[in-house]
Amino acid sequence: MNPFLINNYISPEYFCDREKESNILLKNIKNQTNTAIFAQRRSGKSALIKHAFYLLKKDFTCIYVDLFSSKNMADFANLLANEIYKSYTNKKKGQLFLEKIKLLRPIIAMNELTGSFDITLDFSPYQNIEKTVPQLLQYIDSQGIKFVIAFDEFQQITTYPEKNVEAILRSCIQELTNCQFIFCGSHLHLMNELFNQSKRPFYASCSNLSLGKIPFEKYYSFARHHFQTKKITLQENAMRYLLDVTNAHTYYVQKILHELYASSVKEIDTTQIQRCIQEILQEQEMIFYQYRSLLTTFQWKLLIAIAKEDKVMQPYANEFIQKNRFTSTNIKRALPTMVDKGMIFYHSNIETPYYEVQDKMLKLWLKYK
C-alpha cells in the first residue's frame with residue numbers, strides 16, 4: 001500500500017508527527033474542554049481529528065460532520081443526523097434513534113455513489129428547523145455515552161439564512177454533559193470572528209489550536225522510513241527542497257511523495273522532485289486555465305503578481321503597486337473577494353501576516369509559466 005495518504009486516515013503508522021497538537025486535543029477532550037482548530041485548507045486538520053478519534057475510540061463515540069456543503073440549518077440537521085445514525089454499529093440502537101426522530105419523517109435511501117444508506121429529514125413548512133439540531137444533540141447526550149463531535153468547516157454557519165444560529169448552537173452545547181466538541185475551519189478570518197470577538201456567542205467558549213508546519217526532522221524521518229520499506233533512498237536535500245517549494249503544506253508534500261513512491265525510481269534527489277512537480281503541473285494545467293475564466297482580468301493579474309512574490313506582506317504598499325502597475329482601489333476591491341473565493345490565503349495568526357496563493361501547484365504554475 002502507498003503509505004503517503006492524501007485524502008484519508010488509516011492508523012498512526014501512516015500519520016506524520018502532530019504529536020504536540022494531538023496531545024493538546026486529547027487533553028482538552030479528557031478535561032471536557034471544547035477546541036477550535038484554525039488551519040489552512042488541506043493542511044491536515046481532518047487527519048488530525050481522525051487521528052485523535054482513533055486514539056479515543058475505546059472510550060468515546062466519535063462523530064465527524066463536514067459542513068462544507070451545508071447552506072442552512074436543514075442541511076446541518078441532515079448531515080448531523082446521518083453521522084449520528086452511522087455511529088450506531090448496533091442496529092437496535094440505530095432503530096431507536098430513527099424512532100426518536102420519527103416526527104422529522106426520516107427517509108432512508110441507498111447512496112448510489114457510496115453504497116451506504118443515507119438519511120434525509122423531511123421538514124414540514126411549519127416546523128421550527130432551528131430546534132432540530134439542539135434536539136439531535138440533546139438526544140445523544142441523554143444516552144449516557146461519552147461523545148466527541150467534530151464540525152469541520154464550521155464557519156459555514158455564518159452564511160446560513162436563519163437568524164441567531166450561533167446563539168442557538170452555543171446555548172444548546174453549553175448545557176450538554178456527555179458531549180465534547182471540536183470546531184475547525186479554513187477561513188481563518190471567519191473562525192477568528194466566531195471564537196475571538198467578544199460580542200459573538202462562541203467567544204471564550206473553546207481552547208484555540210492552530211496548525212503550523214511539520215518540522216523538517218519529523219517529516220524527513222517519516223518519509224525516509226516509508227521509502228526504505230520499498231528500498232528507495234530519499235536524499236536529505238531533496239526533502240528540504242520539497243518542503244521549501246511547497247511551503248511545507250501537508251497535502252502537496254503528501255501528493256508529491258505519493259507520486260514518487262508509485263514511480264520506479266530507486267533514489268530520490270532534487271531532480272526527481274522537480275520532475276514530479278512538472279508532471280503534476282501538466283496534469284492540472286487545464287484546471288488552472290479554468291481558474292482564469294472564473295476571475296476578472298485584474299483578479300488574474302493580481303493572482304500572478306502574488307504568486308511571483310511568493311509572499312506579500314503589504315499588498316497596498318507603493319512598492320508592490322508600482323512594480324505591478326496596479327492601483328490601490330483595484331487591489332482593495334479584488335483582494336477580499338479572492339480571499340473569500342479561496343484563491344488567496346491570508347496568514348493572519350502569525351507575527352508577520354502575509355498573503356499567498358492558496359493552491360501551491362497553481363502558485364508554481366503561475367510563477368514559472
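**Note on pockets, cores and a hairpin in a predicted model**

1. In the lining of the largest pocket, at least two residues each are supplied by α2 (45-56), β2 (61-66), α8 (216-228) and α10 (250-262).

2. By residue class, the lining of the largest pocket divides into 14 nonpolar, seven polar and eight charged residues.

3. The second largest pocket holds about 520 Å³ of space and is lined by 22 residues, with Arg41, Lys341, Gly342, Met343 and Gln358 lying nearest its centre. Two or more residues of this lining come from each of α7 (188-196) and β10, and the largest share, three residues, is that of β10. The lining of the second largest pocket divides into ten nonpolar, eight polar and four charged residues.

4. Strand β10 also deserves a comment for its pairing. Strand β10 (residues 344-347) runs antiparallel to strand β11 (residues 354-357), and four bridges join the two. Together β10 and β11 form a hairpin, with six residues between them, and within this pairing Tyr346 has Tyr355 of β11 as its bridge partner.

5. Which residues have the most contacts inside the largest nonpolar core? This core has 58 residues, and those with the most contacts inside it are Tyr219, Phe227, Met239, Leu257, Leu302, Leu303 and Ile344. For Leu302, once its neighbours within four places in sequence are left aside, the residues in contact are Phe320, Phe326, Ala334, Leu335 and Met338. A second, separate core has 44 residues, including Tyr88, Phe97, Cys172 and Phe183.

6. With neighbours within four places in sequence left aside, Glu21 is in contact with Leu48, Leu209, Leu211 and Gly212.

Conventions
Residues numbered from 1 in each chain as written. Predicted model: local features only at pLDDT ≥ 70, side-chain atom pairs only at ≥ 80, totals over all residues. Heavy atoms only, no water. Pairing = 2+ DSSP bridges. Core = buried A, V, L, I, M, F, W, Y, C linked by side-chain atoms within 4.5 Å. Buried < 20%, exposed > 50% of the residue type's maximum accessible area, 1.4 Å probe, protein only. Contact = heavy atoms within 4.5 Å. Nonpolar A, V, L, I, M, F, W, Y, C, P; charged D, E, K, R; others polar. 1 Å grid on protein atoms, 1.4 Å probe; cavity = no way out; pocket = protein on both sides within 12 Å on 5 of 7 lines; lining within 4 Å. Points joined across faces, edges and corners; volume = space filled by probe spheres on them.
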